[in-house]
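Me: I would like to go through the packing terms for this structure. Please set each value against its cut-off.

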Amino acid sequence: MSVPDYMQCAEDHQTVLVVVQPVGIVPEDQFFKIYKRIASVSQVSIRDSQRLLIRYRHHYLPENNEWGDFQTHRKVVGLISITTCASAKEWPQTAERFHGQKEVYSSTLYDSRLLVFGLQGDIAEQQRTDVAFYTSFEDCPDVEKRVDDFVGSIFIVLESKRLDRATDKSGDKIPLLCVPFEKKDFVGLDTDNSPVSLLLGVKRHYKKRCQGRMRKHVGDLCLQAGMLQDALVHYHMAVELLRGVNDFLWLGAALEGLCSASVIFHYPGGTAGKTVARKPSISQPADAGKRHRPGALTANGISADTSTEIGRAKNCLSPEDIIEKYKEAISYYGKYKNAGVIELEACVKAVRVLAIQKRAREASEFLQNAVYINLGQLSEEEKIQRYSILSELYELIGFHRKSAFFKRVAAMQCVAPTIPEPGWRACYKLLLETLPGYSLSLDPKDFSKGTHRGWAAVQMRLLHELVYASRRMGNPGLSVRHLSFLLQTMLDFLSDQEKKEVTQSLENYTSKCPGGMEVITLPDGLKLPPVPFTKLPIVRSVKLLNLPVSLRPHKVKGLLGQNMSTASPFIYSPIIMHNRGEERCKKIDFQWVQGDVCEVQLMVYNPMPYELRVENMGLLTSGVEFESLPAALSLPAESGLYPVTLVGVPRTAGNITVNGYHTSVFGVNSDCLLEGLPAVKTSGCLVEVIPSLPRLQLSTSLPRSAHTPQPTSKEELSSTVSLQLFNGETQQLTITLKNIGSEDIETLELTSKIVSTKEKVFGEFLSWELEEALSHLPLKSGQAVTLTVSIKVKLDFSGQESLLQDLNDDGISVTGLPMSSPLRQVLKPRPENKSVSSESGKAEYSHIKTLEAVLNFKYSGGAGKVEGYYRELSLGVHVDVEPSVFFTRVNTLPATSTRQCHLLLDIFNPTEHELTVGAKNNQELVLHASECQRMAIQVDKFDFESLPQPDQETARFTNPKQLEEERQHAQGYQINSKLGICWSIPSLRRRGEASVEGVLNQLVLEHLQLAPLQWDVLVNGKPCDCDVIADCKAGDAVTLEVQLTNRSKNSVGPLALTVVPYQDFQNGVQNYNLEDAVTFIGSNTFYIDTVKPKENSVCVGALLFLYTGDFYLKIKFQDDSAGRELPLAWFTLPSVHIRALATPLQAGA
């Protein structure tokens, strides 16, 4: 026997062997269809306690049948032949073939059957037990029943042989059972009763050998007949007999039979790895499965019915003894060179038992022994089968790497040099089966989690063999896939030289067959997943970039509620578990715009020791139609983190998700998904794409500035312009707006904002007229519109008095005062101008101040406008403000009129140029560099009560200090507009305004304010004010009217006024004793009743001048309770100057 049956197991010893073979030409599919139906009858119950198990084979070597006496389960006892016969003429030939087939196994056959398909007629109607006729392969309903009857007849023969051999007929000669190679050893052996034989004891020895072998043979028959207890007894007796005569081959067989019977007792489920018992026959009762194995064990391995097992257990081996007896039997088999197959099969059976017992180490010892069993000259196919079975057995006991080793040996055997036609496909298939044993899989995802498993060097060797085998198979696509897998998963274990070699091989393969992302399906159904190159290059982070500042969309505030998410009211909840998947799917808080180029920044790293060329790198997205604009990279060797920006254009609106990126490296196209790259950092990959919006390009008449805004500014500017102006100067900025997008600009708004600054700005810094530009809307693509913005800088013009600490009134010239003003008389003329020599003062006043503002252009149009979106374009305006003039001191002097006063301004020129200052109705004042002069301006007092007042609601909720500042600002603006102070620098041709808004203090404002009570004095109907001299004639009555106008908010009065005349001698002496010169017609006291707001009251009197001369009238208020509550400034009346002239003589007097 040269061909071992590696599928044998211990429980096969209780089966009978039936061969099922075709006779003549039978379609293969039809044959195996009937074969499966026959094989379904695997056991048949004969009696309550007996059953017969059948083992079917469709191919069995006749030489193996010769070992049937050694172990009866190897004996072919049944033959079922399947044939086709179309007509009666073919029947004799078919019967002859069937007879010839029986002759092959005639020495061992118990019974046989012939199944004929396709024959009809008289022959088919004959009733024969050994032949069954069927019209077709489909119309054969009783095949199983026929097989069941056939098995029953086999059992009858088996039982008769068992009884015949088991009965001890004394005197009968027991034949010597032999294995094929023993027959020649016993030829010529004298076993009769000769004296020589008796003397040598040969006969006694021979008889025991015959008895021992027969006992063992009967044990086999009992085991096949389902009589386990009897089999155990016979095996024990055979062991004792054979051990005494040193019949080691048959002793090993008896021990193996004892082991098999014990295994059947202990493991009724079998040791072949099947989870269920053999399928019962259709003729078997429902409970036969329980009856034919009364010694079945429960889950814990203890027999459920101990009373029926006492006798059986006495002869049955324990699980530990089974293995010991297997070892002993195998050692006996090893003594015989021709019993190598028996020894090998015994090792396999022992391994299966040890696998059930979970004794892997001892099982490996049996397998190691099986490896070295010499079976003679084996064919290449037999070697492949042997190594494959060893691999499966090692897998069975959990030695996965050892299993993979023998599987790989079998694969290499498929392509041995001695084979004329190497089986590369079989080699490749076996190599694939070795992968799990070496902790390898063909899915790269298994290598992205945790640490590397397995021996990398062995894995790389195996992958190289897969590449080579697939190439020899003529499948370069497989070679590319396996080589890509090697480069992707084993990159960390490859040396620099190996990396270079692998990539060169890959490029050679991909030049013929480019690598892609399709799933490769092998002929046996195995699918090879794609291998994306996520390590070439390695991506560390993915960040979606916002659009440039000028292109970012903004939502109209009134529409924000439409897209607000229902967020939790809690700041933090510890119950919410944040994971990377949620973070990756989180929506980013900015938007992209349909039709605009969008950017995603990747931080990549080249791990290769040489330059890495990445071609066609782009984005993988989902959600909206997206046009990816691929890029080509060239990363230097071991580059470190390197930023790469991938761009694309969304063509539709909606939510877009960046799922990953695609590359082409070494001819392999890869789709790298972020969900498979847990190490990649990302702040979110989901962003909203809004409908398309127009695009606006801005250009200015001034050059762009590289100046960046202050860090405190939150504005991100599209562009910036810078200019230098003197304080108070105005310049025009022309802005050109051009539509460079595809959508029409339908709306345009312009706002300005001064960036936070320490300087206080008076007036409007930026002003414009937008109506002209709006008249051109909608602005088509390619069209432009211009806009003029006026830049007017007006900062605080006030200076500190410390600058002029060396100047006094004597050294300041006063201009702008009328020659008759009393101020002219008290100030001395200035002999020479004094310049400021203090360097610290110069430094302070030459300090350049900065103003920054932002012009925001809001525009919208197209589909984005319908959705409530707009864009902003920001222009930064940076102005360096140089000082022009400073007002270092401000004061007031009363004028001759009660409704006017003089405003005194000390003006300092901090520039390095000659400067002129002028005001309305005043002559210009020339100031040299760093010179200070005083200017006096006569102004009418101001009625601040006429300024608009805040309503009660605003005043209630506004800070009182703020209200006061606003009131002073309004008063200062009114005063400044009346003064109209301007400056100019002729040498630079620069001019501007000068404002006193930040200079006026509260006291000055009070002096400039028109009193709420307005007094008018009329002499003979003519008002007396502003140095007006009223002329009258001595001796004539002079009418005197005093008129009060109440502009306050409350009623005033009653009041009493007393008129006192006096003369001023212009030398400091005033004469009030004028009873003889002036007389009153009536009383010199005027009484005014209560005057309500907005009303007036007039009182009239008269007086008479008796002499000529200049007289003055002083009108005083009597001290009463009504007048004490009001300020004294409210009762300032104009002085009255009356000149009494002589009466001309009448003609003829």
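Reply: Helix 8 (residues 228–244) and helix 9 (residues 248–266) pack at an angle of about 155°, with their axes 9 Å apart. This is a predicted model: local features need pLDDT of at least 70, side-chain atom pairs count only at pLDDT 80 or more, and totals for chains, interfaces and linings use all residues. Residues are numbered from 1 along each chain as its sequence is written, and side-chain values use heavy atoms, without hydrogens and water.

Me: Why are helix 8 and helix 9 called roughly antiparallel?
Reply: Angles run from 0 to 180 degrees between N-to-C directions, with axes fitted to C-alpha atoms, for helices over the stretch in contact. Under 35 degrees counts as roughly parallel, over 145 as roughly antiparallel, 65 to 115 as roughly perpendicular, and the rest as oblique. The angle here is about 155°. Helix 8 and helix 9 are therefore roughly antiparallel.

Me: Which hand does the crossing of helix 8 and helix 9 have?
Reply: Left-handed. That term applies if the near helix is turned anticlockwise from the far one by less than a right angle; clockwise is right-handed.

Me: What makes up the contact of helix 8 with helix 9?
Reply: Contact means heavy atoms within 4.5 Å. The contact residues divide into 13 nonpolar, 3 polar and 1 charged. Ala, Val, Leu, Ile, Met, Phe, Trp, Tyr, Cys and Pro count as nonpolar, Asp, Glu, Lys and Arg as charged, and the others, Gly among them, as polar.

Me: What makes strand 2 and strand 6 edge strands?
Reply: Two strands pair if DSSP finds at least two bridges between them. The open sheet has 6 strands in the order 2-3-1-4-5-6, with mixed pairing. Strand 2 (43–45) and strand 6 (131–134) each pair on one side only.

Me: How many bridges join strand 4 to strand 5?
Reply: Strand 4 (residues 76–84) and strand 5 (residues 111–117) are joined by 7 bridges and run parallel. Ser81 has Leu114 in strand 5 as its bridge partner.

Me: Why are helix 12 and helix 14 called roughly parallel?
Reply: The axes of helix 12 (residues 319–333) and helix 14 (residues 360–371) cross at roughly 10° and come within 12 Å. Helix 12 and helix 14 are therefore roughly parallel. Their crossing is left-handed. Among the residues in contact are Ile323 and Tyr326 of helix 12, and Glu362 and Phe366 of helix 14. By class, this contact has 4 nonpolar, 1 polar and 3 charged residues.

Definitions and conventions: Helix = DSSP H or I, 4+ residues; strand = E, 2+ residues; numbered from the N terminus.
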